[in-house]
Amino acid sequence: MSDNTIMRKEDYFAVLDKVKSHIIDAQKAVMNTANVERNIMYWRIGKTIVEHSVWGNKFVDTLSKDLRMEYPESKGYSARNLNYMKQFATLVPSEEFLQQGAAKINWRSIVFLINQTKDTDEFLWYANQCIEQGWSSNVLRHQIESGLYNRQVLVEKTTNFRTQLANPLGELAEEIIKDPYVFDFIPAAAPLLERDLEDAMVTQITKVLMEFGSGFSFLGRQYPLHVGEKDYYIDLLFYNVKMHCYFVVELKTVDFEPEFAGKLSFYLSAVDGELKSDMDNPTLGLLLCKGKDKVVAEYALRDINKPIGISEYRVSDKMNPEIMDNLPSIEDIENRIQL
């Protein structure tokens, strides 16, 4: 029997690591709490400024000077920042909305959103996405520059999710789809085939997952399915832990054709039959095409009884001139690594 009274070196360091993790967790909690309280304070200051905006800009300048004299060690009371607080209070209609998302992100992101969003709906959507997706300030900037709100919220999507899936799954599936998807980390002519560059492109799956959104787990490319006497290969297979379902992605480097939907429908049936458990929801499918005629795509989905979305995708329009001569053909790309 071991003697628990003896403090062994490895046991002590294990305890030390555990205590340190408790301290780090507490420090993060304190920082998060302080962040929320500061944002609430800024919103309340902004609301007060809004209520007295009839006093004009000189009021803000005077208030700034007095606050900086009263609190010389505190930062954030410049006239410019007070005006941001005013805009913050204008964009967020109530403290209830504030508590739901905007209060929980850092002030730098809030200021960026104030400058980059057009209205309250867009501001609040991005603020809530920061919380739900765990975006940093840099990721938020990237998503706004890629026009994510327009691609995911405002765009008219081509899916049959609402007719083929019961709510709330149908609504959730519709909400997460984008059109187009933006893979701006992939060169315009597609990924390269040379070994030293191929490995680098394969590692970009983390950026693919960021574009797809939280909840997606990547299961593999050219995922094999044995159906009857034949083997079939799915371009990209994911699992979404929020919707509890498999998510099949077929990539086409040409414009959409109606037969693509039929083939994807077969893959969804096969995944439902071979992989799906009783605990899983129906498998979803997404066709990513170079382009599409929306009317043709909608007709193609009309009599499909499997949940499918059809979106375009965009890649970078920039290319390193040193590797232009080494680019593979579109057929090579689709056969080799499918993204």
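Helices here are DSSP runs of H or I with at least four residues, strands are runs of E with at least two, and both are numbered from the N terminus. This is a predicted model, in which local features need pLDDT of at least 70 and side-chain atom pairs count only at pLDDT 80 or more, while totals for chains, interfaces and linings use all residues. Residues are numbered from 1 along each chain as its sequence is written, and side-chain values use heavy atoms, with hydrogens and water left out.

The residues of the contact between α5 and α7 divide into four nonpolar, four polar and two charged; in this division Ala, Val, Leu, Ile, Met, Phe, Trp, Tyr, Cys and Pro count as nonpolar, Asp, Glu, Lys and Arg as charged, and the others, Gly among them, as polar. Two packed helices are described by the angle between their axes and the distance between the axes. The axes are lines fitted to C-alpha atoms, for helices over the stretch in contact, and the angles run from 0 to 180 degrees between N-to-C directions. For α5 and α7 the axes come within 10 Å and cross at roughly 15 degrees, and these two helices are therefore roughly parallel to each other. Angles under 35 degrees count as roughly parallel, over 145 as roughly antiparallel, 65 to 115 as roughly perpendicular and the rest as oblique.

The axes of α3 and α5, in turn, come within 10 Å and cross at roughly 70 degrees, which makes α3 roughly perpendicular to α5. On the side of α3 the contact is made by Asn 81, Tyr 84, Met 85, Gln 87, Phe 88 and Leu 91, and on the side of α5 by Trp 107, Ile 110, Val 111, Ile 114 and Asn 115. Eight of these residues are nonpolar, three are polar and none is charged.

Where do these helices lead? In soluble globular proteins, nonpolar side chains tend to be buried together. A nonpolar core is a set of buried Ala, Val, Leu, Ile, Met, Phe, Trp, Tyr and Cys residues joined through side-chain atoms within 4.5 Å, and buried means under 20% relative accessible area, exposed over 50% and partly exposed in between, for a 1.4 Å probe and protein chains only. The largest such core has 39 residues, and those with the most contacts inside it are Phe 88, Phe 123 and Tyr 126. Among the elements that give two or more residues to this core are α3 (79–91), α5 (107–116), α6 (120–133) and α7 (137–145). Leaving aside neighbours within four places in sequence, Tyr 126 is in contact with residues including Leu 113, Trp 135, Leu 140 and Ile 144. A second, separate core of 25 residues includes Phe 183, Phe 216, Leu 236 and Leu 286.

Some details of the backbone also deserve attention. A cis peptide bond, with omega about 10 degrees, joins Asn 167 and Pro 168, and Pro 168 is placed in the loop between α9 (161–164) and α10 (169–176). Another cis peptide bond joins Asp 179 and Pro 180, with omega about 0 degrees. Although Gln 222 is not a glycine, it has a positive phi of about 50 degrees; Gln 222 lies in strand β3.

Seen as a whole, the protein has 15 helices and seven strands, and buried residues make up 43% of its 339 residues.

Note on methods:
Contact = heavy atoms within 4.5 Å.
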